[in-house]
Amino acid sequence: MNLFDLEPLFRSLDALPAAAGAAGGYPGFAERFREVLEVIAREQPDWAERVRVLEELDPATLERLRNRMLEPPGYEADDPLLGFALWQTLRRYHRHEGEKPLEEGPAEAVCPQCGAEADVAYLDANGFRFAVCRLCDTRWPVPRVRCLYCGEEQPKKLEYYPYEEGYRLYRCKTCGRTLPAVDLREAGRLDLPRLRAAAVEMQALYEAGAVEE
């Protein structure tokens with residue numbers, strides 16, 4: 001599997017115009033959601049039939065699902081494509097562009113700016129690890145030897161699976177959570193669409209048992 005097959009999809013989603021209004025609600029959420037679906041269907045034609053089903057969701061249902069996504073610890077939709085489309089729509093209201101990494105933050109996966117969880121991480125040019133918020137793209141420093149989800153710090157219970165071009169998947173043996181990451185000392189500059197594309201496929205490879213410790 002090419003780790004970057006989904007890169008065009010993530011780039012096109014990030015290129016969608018930002019939506020205003022998160023602080024006071026999510027005006028036009030249903031319309032923004034359908035714009036996200038259009039991009040998904042265009043970039044992944046094999047998913048078009050599933051997208052057409054999601055296009056039938058009414059605004060009231062979307063509002064209910066959206067609110068559930070934002071409640072901690074976060075609702076995971078039964079349909080992964082629905083959950084993906086909802087998160088991508090929410091990102092249009094929250095994401096920040098060109099923001100510098102924070103100098104400090106919590107030693108866990110909870111974003112200090114918006115409260116959402118980190119979905120990916122990276123090691124900078126000096127080898128320091130930073131978590132990246134799945135919702136607003138805020139970046140903050142976190143310990144390298146620590147599970148950001150359960151706090152496990154015993155090295156023998158923390159492992160990672162290396163892939164290509166500095167990409168890797170961290171896994172905690174205690175809680176079972178995984179965190180995709182990239183080492184910028186190998187991959188160069190941080191490219192979030194590329195990292196998130198690789199993250200989906202690294203996770204799929206891991207779940208399929210296609211990697212070795």
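**Reading the angles**

Modeller: Helix α4 (residues 59-70) and helix α5 (residues 80-94) cross at roughly 80 degrees, and their axes come within 10 Å. This is a predicted model: local features need pLDDT of at least 70, side-chain atom pairs count only at pLDDT 80 or more, and totals for chains, interfaces and linings use all residues. Residues are numbered from 1 along each chain as its sequence is written, and side-chain values use heavy atoms, with hydrogens and water left out.

Biologist: What makes α4 roughly perpendicular to α5?

Modeller: Angles run from 0 to 180 degrees between N-to-C directions, with axes fitted as lines to C-alpha atoms, for helices over the stretch in contact. Under 35 degrees counts as roughly parallel, over 145 as roughly antiparallel, 65 to 115 as roughly perpendicular, and the rest as oblique. The crossing is at roughly 80 degrees, so α4 is roughly perpendicular to α5.

Biologist: Which residues of α4 and α5 make the contact?

Modeller: On α4 they are L62, L65, R66, M69 and L70, and on α5 L82, G83, L86, W87 and L90. Contact means heavy atoms within 4.5 Å. They divide into 8 nonpolar, 1 polar and 1 charged. Nonpolar covers Ala, Val, Leu, Ile, Met, Phe, Trp, Tyr, Cys and Pro; charged covers Asp, Glu, Lys and Arg; the others, Gly among them, are polar.

Biologist: And why is α1 called roughly antiparallel to α2?

Modeller: Helix α1 (residues 7-15) packs on helix α2 (residues 29-43) at about 155 degrees, with the axes 10 Å apart. That angle makes the pair roughly antiparallel. P8, L9, S12 and L13 of α1 meet V36, V39, I40, R42 and E43 of α2.

Biologist: What order do the strands take in the open sheet?

Modeller: β3-β2-β1-β6-β5-β4, with mixed pairing. β3 (139-142) and β4 (158-162) each have a single partner strand, so they stand at the edges.

Biologist: What makes β2 and β3 a pair?

Modeller: Two strands pair if DSSP finds at least two bridges between them. β2 (residues 129-133) and β3 have 4, in the antiparallel sense.

Biologist: How do you know the protein chain agrees with a compact globule?

Modeller: The radius of gyration is taken over C-alpha atoms, and the globule rule is 2.2 Å times the number of residues to the power 0.38. For 213 residues that is near 17 Å, and the protein chain has 17 Å, so the two agree.

Notes. Helices (H or I, at least four residues) and strands (E, at least two) are DSSP runs, numbered from the N terminus.
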